[in-house]
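Hello,

Here is the structure for you to look at. My notes on what was found follow below it.

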Amino acid sequence: MNITTIGIDLAKNVFQVHGVNERGQAVLKKQLKRSQVMAFFANLPPCLIGMEACGSAHHWARKLQGLGHTTRLMATQFVKPYVKSNKNDAADAEAICEAVARPNMRFVPIKNLEQQAVLALHRARHGFVKARTAQGNQIRGLLAEFGLIIPKGLVHIRTQVPAFLEDASNELPGEFRSLIHRLTQHLVELNRQVDEIGAQIGIWHRNNELSRKLTAIPGVGPLSASALTATIGDARNFSSGRQLAAWLGLVPRQSSSGGKDVLLGISKRGDSYIRMLLIHGARAVIAWARQKPESNRWLLKLMERRNCNVAAVALANKNARIVWALLAHDRQYRADYALA
């Protein structure tokens, strides 16, 4: 068998493999256990291997690259049109094998171990932040049932809840006081976890030259810079800054037909976490520009024509393009930079 292209349908325990030769004829249809994968591909000559960019895909891509194979990862939505019939493991593996051989297919860059580790810190911190917000809302909701209202914001919970628990005139039952104290301690623990993981991300940021370079951009802090550096990897995988902005979902979504261009809201494709960081950073720049009008005249002129939300997204788009320029061309940020 002269196998040139292989599609793998990844799973936890059972992997489906579909291989074709140089004429596109199927010569391999096999099911492998997890423990058999490495031994099987170690005995194959180097070939093109395609996989969907799903759980554990980057791990297997690195392992197979180490065996001399060429691995490609593809987004699931780009593989789905090649499924010919009902969905099953064999049909999915065949569709992956067909999709990876397309000349215009878009591939996902393979992340290294360091990139995945940093992004895992970001995901864990973001999960703790959401849990902290949910815990604070639960405490406020439970106290509201007893007529005790706390304004929005975690700082008000930290300052007012102890006073409510010590006040004997509010007629709170002892069991309820004990419950609120327990929930408050859980909130403190969540806040500690957020701070500790944030400190770990800060240490990585200070030791990474590319991440430090991005913090010179207004609206990009250590969190945004480290997440962008770890997610993008090699910026030269993108042909332009606009392509990076489109990859992050910061460009208008199109619904054009019959020669008539129709632009809608932003597409919201790609990584929603990084898009959120960029937009929140842009909001901070907008707040600063209102206090210091001379700091960003381009942004103030834009805010005169559009509302603040549109201006924030436009600034996030601009920052994404600047990030690409700094990473792809190894430049330093200059506020007065302009094309010749």
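**Sheet and helix**

Helix α4 (residues 89-100) lies across β1, β2, β4 (48-52) and β5, and runs at about 140 degrees to β1. Helices (H or I, at least four residues) and strands (E, at least two) are DSSP runs, numbered from the N terminus. Axes are lines fitted to C-alpha atoms, for helices over the stretch in contact, and angles run from 0 to 180 degrees between N-to-C directions; contact means heavy atoms within 4.5 Å.

This is a predicted model, in which local features need pLDDT of at least 70 and side-chain atom pairs count only at pLDDT 80 or more, while totals for chains, interfaces and linings use all residues. Residues are numbered from 1 along each chain as its sequence is written, and side-chain values use heavy atoms, with hydrogens and water left out.

The open sheet has five strands in the order β3-β2-β1-β4-β5, with mixed pairing; two strands pair if DSSP finds at least two bridges between them. β3 (26-33) and β5 are the edge strands with a single partner each, so one side of each has no neighbour in the sheet. From one strand to the next, the twist averages 20 degrees. Strands β1 (residues 5-9) and β2 (residues 14-20) run antiparallel and are joined by five bridges. Ile8 has Val17 in β2 as its bridge partner.

The axes of α11 (residues 272-291) and α12 (residues 297-305) come within 10 Å and cross at roughly 95 degrees. That makes α11 roughly perpendicular to α12, a term for angles of 65 to 115 degrees. On the α11 side, Val285, Ile286, Ala289 and Arg290 meet Leu299, Leu300 and Met303 of α12. Six residues of this contact are nonpolar, none is polar and one is charged. Ala, Val, Leu, Ile, Met, Phe, Trp, Tyr, Cys and Pro count as nonpolar, Asp, Glu, Lys and Arg as charged, and the others, Gly among them, as polar.

**Pockets**

A pocket is an open set of points on a 1 Å grid over the protein atoms alone, where a 1.4 Å probe fits, with protein on both sides within 12 Å along at least five of seven lines; lining residues have an atom within 4 Å of a point.

The largest pocket holds about 1300 Å³ of space. Its lining has 36 residues, with Ala75, Phe107, Val108, Trp247 and Gly270 closest to the centre. By class, 16 of the lining residues are nonpolar, twelve polar and eight charged.

The second largest pocket is lined by 23 residues; Lys318, Ile322, Tyr333, Arg334 and Ala335 lie nearest its centre. Helix α13 gives the largest share of that lining, nine residues.

Terms used:
Angles under 35 degrees count as roughly parallel, over 145 as roughly antiparallel, 65 to 115 as roughly perpendicular and the rest as oblique. Grid points are joined across faces, edges and corners, and a volume is the space filled by probe spheres set on the points.
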